Amino acid sequence: MISPFRRRAALASRRAQRRAVVMAAGRRHHPTGARVLPRHPRLRRVLHGILVGVVAVIGMLVGVQLGGTTTQDIGPFRAQLSLTPSLSGDTSVEIPPLGSLELDSHDGPAHLRIRLESLDEARTRAFAAKSGNLEQISHDAVDQLNLGVRRLAMQTAGCGILGGMILVLLVFRARRETAIAGVVVVGVLASTGAATLLTFKPAAITEPTYRGLLVNAPAIIGDAQRIANRYEEYRAQLQKLVLNVSKLYGTISSLPVYEPNTSATKVLHISDMHLNPAAWGVVRSVADQFDIDMIVDTGDINDWGTEPEASYVNVISDLKVPYIYIRGNHDSAVTAAAVARQPNAIVLDDKIVTVKGLTFAGIGDPRFTPDKSTDPTNEEQHRQVVASGDTLAAKIRSSDKPVDVALVHDPVAAQELAGVCPLVLAGHLHERQVKRLDANQAAAPLPLPVQITSPSPSTSTSASPAPKAPTERTLLMVEGSTGGAGLRGLESTKPLPLALSILYFDQQRHLSAYDDIQVGGTGLTEVSLQRHLVQPDTKSAPTPTPTPSETPSTPEPEPEPSRS
């Protein structure tokens, strides 16, 4: 029987022999005699532990990238929250398509991203109906945001721990290393959380950094003190506006439709949307209810003409009717290209097009002044606008087909079209105006025609389908702002209404009537519709080449206007 001492001695001898064989093999493959593995077992364990930690951290980062995102309802918004590794920390709040706010909220190695994705109209009304005041809604929104951030932190930590442990298990295939990986990842995440809490700066919300379109927000809205002074006023009106959204659309849907005759061509004239998303809902409701044949937009659909604003015009394709557009002074070439990409859109820039029997000529505003630097007293700008009117007038005169409607953005350009075509549509002023244009003179204001619900015999036109050269002065119709001037609407004491008009053309392509529709601006809920017949011009324009057969018509006396 072999004694225990001899057994241990034999075992040690065999181990020494195997070690010698391994070292000899290593020297044969490495002529310099360098050792492949560290000589000391303690150093080997340290390097092995470092390797396990590195693999665990890599797995943690993969897990955070895959699982560090969640969604949360914040008030009426649906928001996406995400945590990503970062050297600078901070928080970003993205508000498409306006841009983002960057907050220096913390210095930890994690970046919080909040993206407001959509606004739910039904939930907005529900919030206003259930909550006693906007303060409660604000508190609820803060609580919801805190809940979302806490859930995001726990979800991200869980995904990071699982990612680190799974990757270590796949690489080393050992439970001991997998458990070590879990401890390492927990330590890293705890350190990250501690660094975030220790460096958290609540005051950062008062000093945001604007990105994208929001860079211009202070210039549009005004200084912070002015907003603070008027906040209570706007807050008191906001709830009323939300509560009456459904009533507003209900009122529009119940408006009676004026039909001069069954073959009338109905054109919806809009202008100066200025990036107001609420305006699209009004445009769509009016277009559907009144069975509009086409929409004419006389510019300033955007505010700053930037790339982030391009997505705002995507709604055009949902309108399902031809959309004729000219560029305003707030619209860039990027804006015009975005409109042109819509399948039902037609962009006019010194061009003539015929749509559903009506011939339109249009030219874009020659200026690009998103900083609101249009100055009527600026001679250079005035010359540019007048020159654009001259260019369009020459285009119309050279056309083989008579033009029914000319489109310009600034009414200053319209004066050059006096006597060239019967009707000019414009915008820019954010104020409704209807005028007759005297050739080579300033525009003469025209009293708004009488409100009426049925066509008058005095407005009947010749049965000849071919239009003659205009024997009446050109009619200029300047639209108000369909977007309520956008954010600029907050600058005035009385918010601007959303203004749009429906134009009725008879079979001879003459404007016979129009409807003016106004929807109350920010904080207001009134909707008004006023209908007018286009009365004969009391002062006919001189015809360049009159014929003996042409005799001037005797206009009927114009009654006093009445309003509904």
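A salt bridge is a side-chain nitrogen of Lys or Arg within 4 Å of a carboxyl oxygen of Asp or Glu. In this structure, D349 and R327 meet in such a bridge through their side chains, at 3.3 Å from N to O. D349 lies in the loop between β10 (345–347) and β11 (351–355) and R327 in the loop between β9 and α10, so the pair ties together parts that are 22 residues apart in sequence.

The model is predicted: local features need pLDDT of at least 70, side-chain atom pairs count only at pLDDT 80 or more, and totals for chains, interfaces and linings use all residues. Residues are numbered from 1 along each chain as its sequence is written, and side-chain values use heavy atoms, with hydrogens and water left out.

Helices (H or I, at least four residues) and strands (E, at least two) are DSSP runs, numbered from the N terminus. Buried means under 20% relative accessible area, exposed over 50%, and partly exposed in between (1.4 Å probe, protein chains only).

**Salt bridges**

The structure holds 16 salt bridges. Three of them are listed here, including the one described above.

| Pair | N to O distance |
|---|---|
| D349 and R327 | 3.3 Å |
| R113 and E94 | 3.0 Å |
| E380 and R383 | 2.7 Å |

E380 and R383, in contrast, both lie in helix α11 (residues 379–397), 3 residues apart, which is about one turn of the helix. Salt bridges that share partners also join E94, R113 and R115 into one network.

R113 is partly exposed at 24%.

D537 is placed in the segment after β20 (527–533). Is D537 buried or exposed? D537 is buried, because its relative accessible area is 3%. The side chain of D537 makes a polar contact with the side chain of R473, at 2.8 Å. A polar contact is a pair of N or O atoms within 3.5 Å; within protein, one must be able to donate a hydrogen and the other to accept it, and residues adjacent in sequence count only if both atoms are side-chain atoms.

**Nonpolar cores**

A nonpolar core is a set of buried Ala, Val, Leu, Ile, Met, Phe, Trp, Tyr and Cys residues joined through side-chain atoms within 4.5 Å. The largest one has 36 residues, of which L268, W280, I295, I301 and Y323 touch the most other members. At least two residues of this core come from each of β7 (265–270), α9 (277–289), β9 (323–325), α10 (333–340), β18 (498–505), β19 (511–519) and β20. Helix α9 gives the most, with 6 residues. Apart from this core lies another, of 22 residues, among them V296, V355, V434 and F505.

Contact means heavy atoms within 4.5 Å. Leaving out residues up to four places away in sequence, the residues that L268 touches include V283, V286, A287, L500 and I502.

F290 is found in the loop between α9 and β8 (294–297). F290 is buried, with a relative accessible area of 1%. F290 and I502 are 212 residues apart in sequence, but 8.6 Å apart in space, C-alpha to C-alpha.

D291 is also placed in the loop between α9 and β8. D291 is exposed, at 54% relative accessible area. Most residues other than glycine have a negative phi. D291 is not a glycine, yet has a positive phi of about 55°. R173, likewise not a glycine, has a positive phi of about 50°. R173 sits in the loop between α4 (134–172) and α5 (175–198), and is exposed, with a relative accessible area of 69%.
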